[in-house]
Amino acid sequence: MKSKYKFVDGVYLVTGASRGAILDTNTGLVYSVNEQACLVCTYQLEDEPFWRTLTSMGVAERSDRACQQQLPELTEDNRLRFVWFEIVTNDCNERCIHCYADSMPKLFREGKVKQEFTSATIRPQSRMSHKDWLKAIKEAKELGCKACQFIGGEPLLYKGENGETVFDLAAFARKVGYSSIEIFTNATLLNPANIHMMKELGLKAAVSLYSDDSLIHDSITRTPGSYKKTINSLALLKKYGVETRVETIVMKANQDKVESTLAFRKEMGYKGRKPDPLRLNGRGEKDINQPDDINLIKYGFTLSPNFKVSKKKIAHYRLGHPCLYGKIAITEFGDILPCIFSRQHVLGNYLDRNSLVEIIEYPTLQKIWHTTKDNIYVCQDCEYRYVCFDCRPLAEVAAEGRADFQTAPYPRCTYNPYSGQWGDGVWMVDVKGKPYYDQSLAVEIIQVRRSFER
């Protein structure tokens, strides 16, 4: 080349089947470029005007030699990063129509009160004692974990052998050095005393709110008065200054109230993640609970390349799974899971092994932790593979046994890396286990995309 250029430090090119992505970690922006641009950026084709354009954008500069940037690598070891402590699995004071763990009040589980849906199986095996939980919490911290979540069922129903509560477990986690401790609760059992305790311990709260309409919220929890109790507790959490996020699951019952619920959440002064369509776990598997196609697409599908990038993200996604890397869940029965939603993937039992070290080193967990998009059908040919999120439990369910946990394509992505086009279909698996671009929802996907463009 007559004139030599290179990407500035922190800018990288990732190529896919038909296009490429320029990842600018200095600004967080991701640029899509065509095949010819990829050839220019890899010095296989000369095009100085294009390099000058990149220079004007701040992603390239003149250089005395042509050189390509090496993608960032994660240098940290395989430490444990996050644990869901499911201290109560079966029991909850609500009986939500979509519960992934099939939790409910004991009176319903034991058949003393008639219910409309099938009861969860009563587990006969031993449960984690309070000492077991303390040991697991401490051991997880010694293995590098700094963040945890106490979840259920309803974690505020937890009772140790001597009356210990979730707050005793959380206080112990704080004592041994966890920097982030969250309690995921329906908030109906909170009161000024335990909220004050949360503030004193520096705990965070995550609360489910299904609608700004009390009738809809209560119909989902199947617990009259639950909305009022949750809202009252949210007001107290705000009053006491407890860091809290409010989350909403999208399902048939509340799909028409999602936007007003988000507005209500904002009005209360709370933030949360993007509403998540119902996952096919537990009672959530029932078709009657699933949102319609338009709302599934609106809240669940990736419809455009709205990505943000950082060196840390690239390094993480190249080495390990975007979500599961460094995570495990422990149920009240001691079962170790790779994800709170992966109920069928029991990696071992804490009560049997009495050690997390063996579980962490177990080849199956290591394989899950190191499942990157380079391993996943279709994703491995996509230029966005180091900036795009992924959910293995969702992919596995959608594949219906025709692809495994590690390779099933992500079923909520509408991008076709082979054509370079967005928004015509989603990736599924055929009867022979081969991925294909399913365009059966093309009309609905285009409809939602256009509504966002208005």
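**Cavity**

I count Ala, Val, Leu, Ile, Met, Phe, Trp, Tyr, Cys and Pro as nonpolar, Asp, Glu, Lys and Arg as charged, and the others, Gly among them, as polar. The model I look at is predicted, so I note that local features need pLDDT of at least 70 and side-chain atom pairs pLDDT 80 or more, while totals for chains, interfaces and linings use all residues. Residues are numbered from 1 along each chain as its sequence is written, and side-chain values use heavy atoms, with hydrogens and water left out.

Rolling a probe the size of a water molecule over the atoms shows where empty space is left. On a 1 Å grid over the protein atoms alone, a cavity is a set of points where a 1.4 Å probe fits but cannot get out. A pocket is an open set with protein on both sides within 12 Å along at least five of seven lines. A residue belongs to the lining if it has an atom within 4 Å of a point. Grid points are joined across faces, edges and corners, and the volume is the space filled by probe spheres set on the points.

I found one cavity of 30 Å³ or more. The largest cavity holds about 140 Å³ of space. It is lined by 15 residues, and Lys373, Val378, Cys379, Cys382 and Cys413 are the closest to its centre. I sorted the lining of the largest cavity into 13 nonpolar residues, no polar ones and two charged ones.

**Second largest pocket**

I read a volume of about 590 Å³ for the second largest pocket. Its lining has 23 residues, of which Leu280, Leu296, Ala398, Pro411 and Met428 are the closest to the centre. Helices (H or I, at least four residues) and strands (E, at least two) are DSSP runs, numbered from the N terminus. Helix 10 (293-300), helix 15 (392-399) and strand 16 (426-429) are the elements that give two or more residues to this lining. Helix 15 gives the most, with four residues. By class, the lining of the second largest pocket has 14 nonpolar, three polar and six charged residues.

**Salt bridges**

I took a salt bridge as a side-chain nitrogen of Lys or Arg within 4 Å of a carboxyl oxygen of Asp or Glu. The structure holds 17 of these salt bridges. For burial I used relative accessible area: buried is under 20%, exposed is over 50%, and partly exposed is in between (1.4 Å probe, protein chains only).

Arginine 385 and aspartate 374 meet in a salt bridge at 3.0 Å, N to O. Both residues sit in the loop between helix 14 (363-369) and helix 15, eleven residues apart. Arginine 385 is buried at 12%, whereas aspartate 374 is partly exposed at 31%.

Arginine 392 forms a salt bridge with aspartate 390, with the closest N and O atoms 2.8 Å apart. Is arginine 392 buried or exposed? I found arginine 392 buried, at 1% relative accessible area. Aspartate 390 is buried too, at 0%.

Glutamate 400 pairs with arginine 402 in a salt bridge, the closest N and O atoms being 3.1 Å apart. Here glutamate 400 is exposed at 56%, and arginine 402 is partly exposed at 30%. Elsewhere, salt bridges that share partners join Glu48, Arg52 and Arg62 into one network.

**Aromatic pairs**

A pair of aromatic rings is described by the distance of the centres and the angle of the planes. I paired rings of Phe, Tyr and Trp (its six-membered ring) if their centres lie within 6.5 Å; planes under 30 degrees apart are stacked, over 60 edge-to-face, and the rest tilted. I counted 15 aromatic pairs. Phenylalanine 85 and tryptophan 133 form an edge-to-face pair, 6.0 Å centre to centre with 90° between the planes. Phenylalanine 85 is in strand 6 (residues 82-86) and tryptophan 133 in helix 4 (residues 130-142), so the pair ties together parts 48 residues apart in sequence. Phenylalanine 85 is buried at 0%, and tryptophan 133 is buried at 0%. Ring pairs also link Tyr5, Phe7, Tyr43 and Trp51 into a cluster.

**Proline 275**

Proline 275 lies in the loop between helix 9 (258-268) and strand 12 (276-277). Its relative accessibility is 7%, so proline 275 counts as buried. Leaving aside neighbours within four places in sequence, proline 275 is in contact with Thr248, Val250, Val258, Leu262 and Tyr299 (contact means heavy atoms within 4.5 Å).
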